Amino acid sequence: MDFDGTINFFLRLGVFPKEETEGRMYPYSEQASSVLDCLRLEAERLKIEFKTDFDVKEVKYKGGGFSVLSYKGETLSCDRVIMACGGCASPDLGSNSSGFKLLEGLGHTVSPFSLPLFSSNLREIFLKPFQV
């Protein structure tokens, strides 16, 4: 989804954005929770099921769907999987790169990380995602 598509998506959900300094977008309500709330309501409307507190050991693609196995031996079957697993910056908080191994197990390629050597300040809104 491009920038305009993203803005229109949130407008349809009732989150009105405003542009802040350096092109950052923020809810007009000044509450970041507005974004989370509208996404939860939209997921509920679409009957999307969330599974939390489920430490994933393995994800397998089979027969047009996914089989997800937990370390406790539980198995889920689903049509789609969204992996929001973070990076590897805070192992104590669960951000330990284990999600990358799951993605590699599904055939994805994970590129090595490197820290930027400099910071950048980009004016063009379409370049903002690349700003460091």
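Me: Helices (H or I, at least four residues) and strands (E, at least two) are DSSP runs, numbered from the N terminus. Where does tyrosine 28 lie, then?

Reply: Tyrosine 28 is in the loop between strand 2 (25-27) and helix 2. Bear in mind that this is a predicted model, where local features need pLDDT of at least 70 and side-chain atom pairs count only at 80 or more, while totals for chains, interfaces and linings use all residues. Numbering starts from 1 along each chain as its sequence is written, and side-chain values use heavy atoms, with hydrogens and water left out.

Me: Is tyrosine 28 buried or exposed?

Reply: Exposed: tyrosine 28 has a relative accessible area of 62%, and the cut-offs are under 20% for buried, over 50% for exposed and partly exposed in between (1.4 Å probe, protein chains only).

Me: How much of the chain is buried?

Reply: Of the 132 residues in the chain, 17% are buried.

Me: And what's the order of the elements?

Reply: Starting at the N terminus, you get α-β-β-α-β-β-β-α. That is three helices and five strands.

Me: Switching to charges. How many salt bridges does the count come to?

Reply: Three, if you take a salt bridge as a side-chain nitrogen of Lys or Arg within 4 Å of a carboxyl oxygen of Asp or Glu.

Me: Which residue does glutamate 30 pair with?

Reply: Glutamate 30 meets lysine 18, at 2.1 Å from N to O. This pair links distant parts of the chain, 12 residues apart: lysine 18 is in strand 1 (residues 17-19), and glutamate 30 is in the loop between strand 2 and helix 2.

Me: Why is glutamate 30 called partly exposed? And lysine 18?

Reply: Glutamate 30 is called that because its relative accessible area is 41%. Lysine 18 is also partly exposed, because its value is 25%.

Me: What does arginine 45 bond to?

Reply: The side chain of arginine 45 forms a salt bridge with glutamate 42, at 2.8 Å from N to O. Both sit in helix 2, three residues apart, or about one turn of the helix.

Me: What about glutamate 58?

Reply: Glutamate 58 has a salt bridge with lysine 60, and their closest N and O atoms are 4.0 Å apart. Glutamate 58 is partly exposed at 33% relative accessible area, and so is lysine 60 at 45%.

Me: OK, pockets. How many residues line the largest pocket?

Reply: It's 32, and Lys51, Val81, Ile82, Met83 and Ala84 lie nearest its centre. A pocket here is an open set of points on a 1 Å grid over the protein atoms alone where a 1.4 Å probe fits, with protein on both sides within 12 Å along at least five of seven lines, and lining residues have an atom within 4 Å of a point.

Me: Which elements give two or more residues to that lining?

Reply: Helix 2 (33-45), strand 3 (56-62), strand 5 (75-78) and helix 3 (98-105). Helix 2 gives the largest share of the lining, four residues.

Me: Back to methionine 83: where is its place?

Reply: Methionine 83 sits in the loop between strand 5 and helix 3. With a relative accessible area of 26%, methionine 83 is partly exposed.

Me: How far is methionine 83 from leucine 102?

Reply: Their C-alpha atoms are separated by 9.2 Å, though the two residues are 19 residues apart along the chain.
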